[in-house]
Amino acid sequence: MSLIGQYDTDNIFAKIIRGEAPCFKIYEDEDVLAFLDLFPQSYGHSLVIPKRAAARNILEIDSDNLAKVTAAVQKVARALVDELQPAGVQVAQFNGAPAGQTVFHLHMHVIPRFDGEGLGIHAANKADPVELEKLQARLSKRLQG
Ligand code: 5GP
């Protein structure tokens, strides 16, 4: 069952943390990493993950790391709102495949929502890397100075 199981140290987000896979990073400190979703459901769709917790989901993560991830989610949400001026911002987190989880390292989605634009299909359409790079520059400047 995908809700309960062993943490796979070779999952894609673990590789990103170790620098073995690329990402469009927008924020990093010693505890968390935030980067753009490669298959965004809206313009600016970002992900926040813990760097020091081998947790598949919210059931497994310790409360200290969860608090750090949550604080970073707020930081990223504020930066997205300031930079992109969406009409709303959605925070989502899935646990287990039946709940929509596809990558088994805990992560929070921060998804700007724009008037008149529906939510894109989950993990379906790969973004143009040139666009992601431009967005990364704007957001990381705001988040990391
Ligand atoms: P989940 O379905 O587990 O809640 O979310 C996983 C998210 O990771 C999806 O939104 C998907 O688009 C995104 N994703 C999957 N593989 C990669 C990748 O290699 N890089 C990045 N940046 N995002 C990914």
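Colleague: How do the residues of the shell around the ligand divide into nonpolar, polar and charged?
Modeller: In this predicted model, 17 residues surround the ligand, and the closest are Asp37, Thr102, His107, His109 and His122. Sorted by residue type, with Gly counted among the polar ones, the shell divides into ten nonpolar, six polar and one charged.

Colleague: Which residue has a polar side-chain atom 2.5 Å from an oxygen atom of the ligand?
Modeller: A pair of N or O atoms is taken as a polar contact when the two lie within 3.5 Å. Backbone atoms supply such pairs at Gly100, where a backbone N or O atom lies 2.9 Å from a ligand oxygen, and at Val103, where a polar backbone atom is 2.9 Å from an oxygen atom of the ligand. The side-chain atom at 2.5 Å from a ligand oxygen belongs to Asp37.

Colleague: How much of the accessible area that the ligand has on its own does the protein cover?
Modeller: The space taken by the ligand is the largest pocket. On its own the ligand has 520 Å² of accessible area, and the share of this that the protein covers is 92%.

Colleague: Which helix and which strand each supply at least two residues of the shell around the ligand?
Modeller: The strand in question spans residues 32-36 and the helix spans residues 12-18. They are strand E2 and helix H1.

Colleague: Which residue stands opposite Leu33 in E2?
Modeller: Strand E1, residues 25-28, runs antiparallel to E2 and is joined to E2 by three bridges. The two strands form a hairpin, with three residues between them. Opposite Leu33 of E2 stands Glu28.

How values were computed. Residues are numbered from 1 along each chain as its sequence is written. This is a predicted model: local features need pLDDT of at least 70, side-chain atom pairs count only at pLDDT 80 or more; totals for chains, interfaces and linings use all residues. Side-chain values use heavy atoms; hydrogens and water are left out. A residue is near a molecule or strand if one of its heavy atoms lies within 4 Å of it. A polar contact is a pair of N or O atoms within 3.5 Å; within protein, one must be able to donate a hydrogen and the other to accept it, and residues adjacent in sequence count only if both atoms are side-chain atoms. Accessible areas come from the Shrake-Rupley method with a 1.4 Å probe; for residues, only the protein chains shown count as cover. On a 1 Å grid over the protein atoms alone, a cavity is a set of points where a 1.4 Å probe fits but cannot get out, and a pocket is an open set with protein on both sides within 12 Å along at least five of seven lines; lining residues have an atom within 4 Å of a point. A molecule sits in a cavity or pocket if more than half of its atoms lie within 2 Å of its grid points. Helices (H or I, at least four residues) and strands (E, at least two) are DSSP runs, numbered from the N terminus. Two strands pair if DSSP finds at least two bridges between them.
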